[in-house]
Structures are given as C-alpha cells and as structure tokens.
There are 2 protein chains.
Amino acid sequence: MAIQANPWLRKTPELKIEMNLDENLDSEPESSLVDPNTHMESFRQTRHNRRTELIEDYVELIADLIEDGGEARQVDIAQRLGVAQPTVAKMLKRLATDGYIQQRRYRGVFLTDIGMQLAERSRERHHIVESFLCAIGISVETARIDAEGIEHHVSPETLEAFKRFVARGGSSL
Amino acid sequence: MAIQANPWLRKTPELKIEMNLDENLDSEPESSLVDPNTHMESFRQTRHNRRTELIEDYVELIADLIEDGGEARQVDIAQRLGVAQPTVAKMLKRLATDGYIQQRRYRGVFLTDIGMQLAERSRERHHIVESFLCAIGISVETARIDAEGIEHHVSPETLEAFKRFVARGGSSL
DNA sequence: CTGGAAGAATAGCTGTGGCTATACAAGCGA
DNA sequence: TCGCTTGTATAGCCACAGCTATTCTTCCAG
Ligand SMILES: [Mn+2]
Ligand SMILES: [Mn+2]
Ligand SMILES: [Mn+2]
Ligand SMILES: [Mn+2]
C-alpha cells in the first residue's frame, strides 16, 4: 500500500551511495565500468521507479479528467491510456486498496487525499519535464510523448535543475 | 523476436500524430487536456519503450563486461543489476532466442551482430543522456542514476537536442 | 585424478499488466 | 414501465520479471 521508501519522492533526498573508492587503484587499465555496487544502485532505483509509473499516470489522469469534466469514468480512462476497460477496472481496484482512490459504482472514481497529493506532485513534475523539453527546442508533439516516459525517472535534483532552466528562459538566454 | 516497429529507433522518425483539431472550438472553457487519441499515443509509446528497457540494459551491460574483462558471466550480470542469478538465466534465454546473444555454457555469454548493434546504440544514447544531465549541472551520482531510467524514453529528436547541447558546452555558453 | 567450490540450470512460486468474452447493473427514452 | 444502451465487474487466459530452493555441471587445486 502506498509507495514505499523511495528517495526520489522524499523531501530529503539523502541518496547515500557508496562511491567507487578503489577506482583506478589497480594496476590494470580495465576500461571504464563503474563500481558494481554503484552500478546496482542505479538499476535498483530504475526498477523502483518503474513499479510506480503506472500508479502515477493513473492518479494524474484521474485528476485531469475530474478537473476537465467533473468525473473520471473507466471508459474514458481506458480510452486515454489506450488499454481495455477491464485492465482499468483491475488497476482501479488496486489503487482503491492502496488508498489512492475511492470508487462510487456507476458514478466514477474519485481521489483520496493521498491520491490528490500524489496526483499534484506527478502533475507538476510532468509539466516541468515537458516544459523543459520544449525549452531546449524539442517540438511540442515529441516533448509530450517523451515527457510521459521520462517524468517517472527524474530525481528531485534533476527536477530542480529543469525548473531553474525553464525559469531562466531556456538555452537562448 | 527483436524489437519491432518502434518509431523511436527508426532513422526516419515520421511520428504521424493527428493533432487536436477541434481544440477550443467548443463554447465550454473545459480546462486543458489534450485530444484523447493524442494522449493515447504518448502512453502507447511509453509502454512500448518499457518493454524494451530490460533488453537494452542487458545487452549494454554485457558489452561493457566483455570490454572490461573479456567475458560476461551470469553472476557478474546479476551482481551489477542487483537481481538473483536465476533471474539473469531466464532473461538470457530470452535474449538468446531473440537473437541478441549466444550462450556458451560455463564460458560466458557473447553478443551477436544484432546484439552488438543494439548495445552500441544503447551505449551511445546512454552516454549522451548522462553527459547532458551533467552539462545542465546535475551531480555525477544523480546523473548516473537518472540516466539509467531516462535513456529508454528519449526519442531520436530529443537525443539530437541533447547531443547538440552537450557539444556546445552546456548552458554556460 | 578426484572432490569440492563455483557457475549455470530448473522447478515452482508471486505479483503485475495486458487481453477477450461474458455477465450484471443503471439509467434513460419511448 | 420496459427494454436497450452504456458502464462495470468477473472470469480466465497469457507474458514477463522477480524471488528461493534445489539440482546439475565444470573446473581447478591439492
Ligand atoms: Mn504523467
Ligand atoms: Mn507518465
Ligand atoms: Mn543503459
Ligand atoms: Mn537503463
């Protein structure tokens, strides 16, 4: 239930990663290749992000639909995601047991406080990423598509950098 | 077998997306929210990218290990990915039937031509993404982690922009 | 040359995210 | 009110990515 222990979503991104201390201490030239543990941490974080992607996209989409038309129905969610309705039904059940949403049958789905918080964070992050891509000269169509995937893998640090970049008017300034 | 029909990996990124033609033709203010079909396309592309992530990471890692130490053993792959050895064994079987690698038992795994090509593309893309993040001021640790996830969702257009940005010396120029 | 360590494979489990087909419930128009 | 359309829920399937525990195989050291 709920997204657990992810430094990416914490306010305090400590990110204690043991650095590659014995780098270049060997006599062998050995090519690049970072320390195994460091390497592992990257993959672990990426796998974690992947597990939360869907949840984030769902609550964000639900928030959008509610704001746009006052309600979020399974059929509309399914249409926008490009998946079948039962797929949405199953996922919504998961989101409900995880406490993100509340389902009122035949009356659409609504976000809980937790759900709204996650939606808001996701929405803002999504927007920053998309704006950033546009700011570096990507076309709006491509920016929209790329942002949909990239957003879930952007750490707070990177998000801040994106935000600053956009605020300063992009590369042209 | 092999990665099929993905505009992201084609040399000609046509990307025919029907635009939201009836945007703002209604009388209702209706908030933002892009056209449903356009929205769907983003999610579809993202789902496609997700299915190829693992394959890309594996062949890239295998290439790195071979270059670094002359061989890629299951245990080493498992260690660097942070997963169990049987997980790697199963995935390697898939990669073999898909024609990316060739397994010589107790002698490590080797890339086919197809595998090497994919590894090379992935490696270059990964490097560009990571360099780009560093160029906009992200710390090397965070850049490494974020790039591991972001790389798989970067379209050719965005990759080109990243490359140009890095080549021009980042935001300081 | 042989026994044990290390590498690889297999079996069997879980959870997730898709799908189709089908059944059930609401609600609205005639 | 009745029935049809639409929206939801369920059942049952598949593929994938992870896990532990166990069983081969190799290979090398003594
Ligand atoms: Mn999003
Ligand atoms: Mn997304
Ligand atoms: Mn990579
Ligand atoms: Mn990666």
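The lining of the largest cavity has three nonpolar, one polar and three charged residues. Here Ala, Val, Leu, Ile, Met, Phe, Trp, Tyr, Cys and Pro count as nonpolar, Asp, Glu, Lys and Arg as charged, and the others, Gly among them, as polar. This is a predicted model, where local features need pLDDT of at least 70, side-chain atom pairs count only at pLDDT 80 or more, and totals for chains, interfaces and linings use all residues. Residues are numbered from 1 along each chain as its sequence is written, chains are lettered from A in the order in which they are written, and side-chain values use heavy atoms, without hydrogens and water.

**Cavities**
- A cavity is a set of points, on a 1 Å grid over the protein atoms alone, where a 1.4 Å probe fits but cannot get out; lining residues have an atom within 4 Å of a point.
- Points are joined across faces, edges and corners, and a volume is the space filled by probe spheres set on them.
- Three cavities of 30 Å³ or more are counted.

**Largest cavity**
- Its volume is about 50 Å³.
- Helix H1 (36-69) of chain A and helix H1 (36-69) of chain B each supply at least two lining residues.
- H1(A) gives the largest share, four residues.
- Helices (H or I, at least four residues) are DSSP runs, numbered from the N terminus.

**Second largest cavity**
- This cavity holds about 50 Å³.
- Its lining has eight nonpolar residues, no polar and no charged.
- They are A:Phe132, A:Leu133, A:Ile150, A:Phe162, B:Val129, B:Leu133, B:Ile150 and B:Phe162.
- Helix H4 (113-135) of chain A and helix H4 (113-135) of chain B are the elements that give two or more residues to this lining.

Methods. On a 1 Å grid over the protein atoms alone, a cavity is a set of points where a 1.4 Å probe fits but cannot get out, and a pocket is an open set with protein on both sides within 12 Å along at least five of seven lines; lining residues have an atom within 4 Å of a point.
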